[in-house]
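This report goes through one protein model and its ligand. Look at the structure first, then read on.

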Amino acid sequence: MKLVILGGGFCGALIARKLDKRKEIEITLIDKKTYFEYTPSIHKVIFDPCYLQKITIPFSYFLKRSRIVKSSLLQVTPEFVETEKEKIDFDYLVISTGIEYPIFLEDKKNVFTLKSGIEAVKMSAKVLDAERILIIGGGLIGTEIAGELATKTEDKRVIIVHPHDRLIERNPVKASHYAQNFLEKSGVQIIFGEKVVDHKDGVFITNKGRIIEADVGIWCAGIRWNPFFMKGFPKSVFTDKNALKVNKYLQLKGYSNIFVGGDINSIPEEKTAQNAEQHAHLIVKNLERLKKNRPLIAYKPRNGPLLISLGDWTGIMTFRRLGITGLFPGILKWFVEWWVLRQYK
Ligand SMILES: Cc1cc2nc3c(=O)[nH]c(=O)nc-3n(C[C@H](O)[C@H](O)[C@H](O)COP(=O)(O)OP(=O)(O)OC[C@H]3O[C@@H](n4cnc5c(N)ncnc54)[C@H](O)[C@@H]3O)c2cc1C
């Protein structure tokens, strides 16, 4: 059986790892990188570029039988996948290429986004040199970056612009207030109810006409689904935002041999590493069941616990309406990083 996996992030790398020892499965993992990266800790790389080494693990380290192809994708069809180097056919396909974090500003000079460790390294020197830093968006990523800046620098002016009336607004109110108090006490200015809509030469403008001068902007506002490599598929497999529509078994709508896991699928739940891992576990089970002609298992969208760090030792853990704050979630965030990476080593 030929299995091709597109993207070696939380979903794809876990599927490859779980099936790597199976002699009857010929696995090809395609990724533009050669390593798995623990994204929940990449904000730490801004202050410590060497930390990148701790949170990345080469695919070759944990995949012994699978073929690893380092390439961007050009095209995916129901029969084959085309990379920059070759065409690869498959019996089963897993699409798990994640989402993009685009910057919606024309002038992107000194404006960064934090999607990967490499980008964190690129922005590191600029952020460390900057006196005024603007964080655009106070969701999970923006709040974590603000926590790093607030606890690791003293001489910088940090401003967050957030369109909602509280930070991390999809989480319990208690968690939002804790983050706001922590950051404001550490000197971060938070502007609620506004969006940054324009930028020119270090001057950022909000939709309410406010002008904010900053040496560096960190864009943490919005995600984009971009399965550009699937142009040959019918419109019915895409949502209006371009996420890939799946049935309850995580199969691409209308294609029983194509599974879609992780951020790129249309499951209505928070886009998190844990959820991507849950998709991976289910896809592995359903691949087995498909092969044996057994009924498939349905995925139940989850609302699992979420850990948000505010610097090295303070954090917030949210679960449904519950919010636990302080040192315990701070330590737990380290533990989870250690625990997840340990399984790849
Ligand atoms: C800064 C940051 C902080 C986060 N913090 C947390 C957190 O604390 N907790 C949490 O649970 N989640 C967190 N997340 C979200 C989490 O990282 C994602 O939900 C998770 O990575 C999704 O897994 P995935 O497998 O769908 O995609 P990804 O892990 O993004 O993997 C996609 C893979 O596909 C590859 N790829 C993409 N496009 C192509 C292409 N065209 N050709 C070839 N290869 C391609 C990429 O190189 C990548 O390796 C964070 C994300 C970011 C960016």
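The protein chain is split into domain 1 (2-100 + 223-291) and domain 2 (111-222); these bounds come from an automatic or database domain assignment. The model is predicted: local features need pLDDT of at least 70, side-chain atom pairs count only at pLDDT 80 or more, and totals for chains, interfaces and linings use all residues. Residues are numbered from 1 along each chain as its sequence is written, and side-chain values use heavy atoms, with hydrogens and water left out.

The C-alpha centres of the two domains are 30 Å apart. In domain 1, 16 residues are in contact with 20 residues of domain 2, where contact means heavy atoms within 4.5 Å.

The ligand lies between the two domains, because both domain 1 and domain 2 give residues to the shell around the ligand. A residue is near a molecule if one of its heavy atoms lies within 4 Å of it. The ligand is surrounded by 31 residues, and the closest are Asp31, Thr39, Asp263, Ala273 and Lys333. By type, the shell has 12 nonpolar, 12 polar and 7 charged residues. Here Ala, Val, Leu, Ile, Met, Phe, Trp, Tyr, Cys and Pro count as nonpolar, Asp, Glu, Lys and Arg as charged, and the others, Gly among them, as polar. Helix H8 (residues 273-291) gives the largest share of the shell, 3 residues. Helices (H or I, at least four residues) and strands (E, at least two) are DSSP runs, numbered from the N terminus.

| Residue | Ligand atom | Distance |
|---|---|---|
| Phe10 | oxygen | 3.2 Å |
| Cys11 | oxygen | 2.9 Å |
| Leu73 | nitrogen | 3.2 Å |

On its own the ligand has 990 Å² of accessible area, of which the protein covers 92%; such areas come from the Shrake-Rupley method with a 1.4 Å probe.

Leaving aside neighbours within four places in sequence, the contacts of Leu93 include Leu3, Val76 and Phe259.

Ser96 is in the loop between strand E9 (92-95) and strand E10 (111-113). With a relative accessible area of 7%, Ser96 is buried too. A polar atom of the Ser96 side chain is 3.2 Å from the backbone oxygen of Gly7. Beyond four places in sequence, Ser96 is in contact with residues including Cys11, Gly12 and Ile264.

Conventions. Polar contact = N/O pair within 3.5 Å; in protein donor to acceptor, adjacent residues only side chain to side chain. Buried < 20%, exposed > 50% of the residue type's maximum accessible area, 1.4 Å probe, protein only.
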